[in-house]
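Take each task first, then follow the solution step by step.

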Amino acid sequence: MAPTPVHGGTKFPGTPAYSSPCYLSHSTPVVASTSSAASSSSSTSNLHPPPPKASPPYVTVDPSRNLWFRLYIPSSSSSPASTLPLLFYFHGGGFVAFAPNSITYDNLCHRLARDLQAVVISVNYSLAPDHRYPCQYDDGLDVLKFIDARNYAVLPSSTDLNRCFMAGDSAGGNIAHHVTLRPCDHVFEKVNIIGLVAIQPFFGGEERTESELRLTRAPILNTRRTDWMWRSFLPKGSGRDHEAAHVSGAIRAVKFPATVVFVGGFDPLQDRQRRYCEGLRKSGKEVELVEYPDAIHSFCFFPEFPHFGNAIAKLKEFIQKQSAATK
């Protein structure tokens, strides 16, 4: 069966008339290894479908709120390392769309597990507007707590919980940031977060930035659409200066892991992402800024773009560097 458009036939506000790879996949893989091929299909029109009961890659955390994750494990034939880092991944979609089994994110997480030689957990967090702030952050933290408690009951024994990384793109980058902040005040027994990967993180504010005003016709994202996403996600009556959106990077009071931020030159959010990096630096945190002048927002949707492969390589370097520092 062909993939179903993620919007179910309706467009986001401000969406231009162009095709994009923004689809949900109805395929259900039968093995967790990244060497698996495409698998059987099942029909659903739900934007946020529940995990199939008999599918090994899906692990249920809390069935009462449809909290689950999909597990990606590099194939043994391509994994010479004795232990593997663990990457928690949060998908993008403006807090309102996509899921771990969306075809774009399924392909991306397979690629991350294979190329990074890491175990990847792709989190199925709650979607707005049915579930507003702080549901998504609560979901993320609860997945970390679940892994800390269950660990090798659901993970391969080669997983190194001392080398955990938070990651996400767009709204997922926002969630990864906020979920990373929360464990700063929570003591885990085994999970140790040593790095944050923010791929074009979705931050906002009432005052427009220069890049938001200049890139009003950029592909994928514009202010009309981002305003609608914030209204759907933030508590009713809240503006874009809410702490969930208006992230400065000023976090002096807490321990925070090393961070790498990816920025695109055709992304309207780029000024906010640079300010985030500046705030982290001023707070004394370790941060690396990686810029691609020709990249649009959500460039990770397009493996054909040259910066996609470069970003994977940069991410691998980051994980190796932070992993070496823990030894």
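Before starting, sort residues by class: Ala, Val, Leu, Ile, Met, Phe, Trp, Tyr, Cys and Pro count as nonpolar, Asp, Glu, Lys and Arg as charged, and the others, Gly among them, as polar. This is a predicted model, in which local features need pLDDT of at least 70 and side-chain atom pairs count only at pLDDT 80 or more, while totals for chains, interfaces and linings use all residues. Residues are numbered from 1 along each chain as its sequence is written, and side-chain values use heavy atoms, with hydrogens and water left out.

**Exercise 1.** Describe the lining of the second largest cavity by class.

Step 1: A cavity is a set of points, on a 1 Å grid over the protein atoms alone, where a 1.4 Å probe fits but cannot get out; lining residues have an atom within 4 Å of a point. Grid points are joined across faces, edges and corners, and a volume is the space filled by probe spheres set on the points.

Step 2: find the site. The second largest cavity holds about 40 Å³ of space, and its lining includes Arg208, Glu212, Asp227, Arg240 and Arg272.

Step 3: count the classes. The lining has 4 nonpolar, 3 polar and 5 charged residues. Helix H5 (residues 223-233) supplies the largest share, 3 residues; helices (H or I, at least four residues) and strands (E, at least two) are DSSP runs, numbered from the N terminus.

**Exercise 2.** Work out which element gives the most to the lining of the largest cavity.

Step 1: the whole structure has 2 cavities of 30 Å³ or more, and the largest has a volume of about 110 Å³.

Step 2: among its lining residues are Tyr89, Leu108, Phe262, Cys300 and Phe308. Helix H1 (103-116), strand S8 (193-199) and helix H7 (306-325) are the elements that each give two or more residues.

Step 3: H7 gives the most, with 4 residues. By class, the lining has 12 nonpolar residues, no polar and no charged.

**Exercise 3.** Describe how H1 packs against H7.

Step 1: two packed helices are described by the angle between their axes and the distance between the axes. Axes are lines fitted to C-alpha atoms, for helices over the stretch in contact, and angles run from 0 to 180 degrees between N-to-C directions.

Step 2: the axes of H1 and H7 are 10 Å apart, at an angle of about 50°. H1 is therefore oblique to H7 (under 35 degrees is roughly parallel, over 145 roughly antiparallel, 65 to 115 roughly perpendicular and the rest oblique).

Step 3: contact means heavy atoms within 4.5 Å. Leu108, Arg111, Leu112, Asp115 and Leu116 in H1 meet residues of H7 including Phe308, Ile312 and Lys316. The contact has 7 nonpolar, 1 polar and 3 charged residues.

**Exercise 4.** Which peptide bonds are cis, and where do their prolines lie?

Step 1: most residues other than glycine have a negative phi, and most peptide bonds are trans.

Step 2: Ala128 and Pro129 are joined by a cis peptide bond, with omega about 5°. Tyr133 and Pro134 are joined by a cis bond too, again with omega about 5°.

Step 3: Pro129 sits in the loop between strand S6 (119-124) and H2, and Pro134 lies in the loop between S6 and H2.

Definitions and conventions: 1 Å grid on protein atoms, 1.4 Å probe; cavity = no way out; pocket = protein on both sides within 12 Å on 5 of 7 lines; lining within 4 Å.
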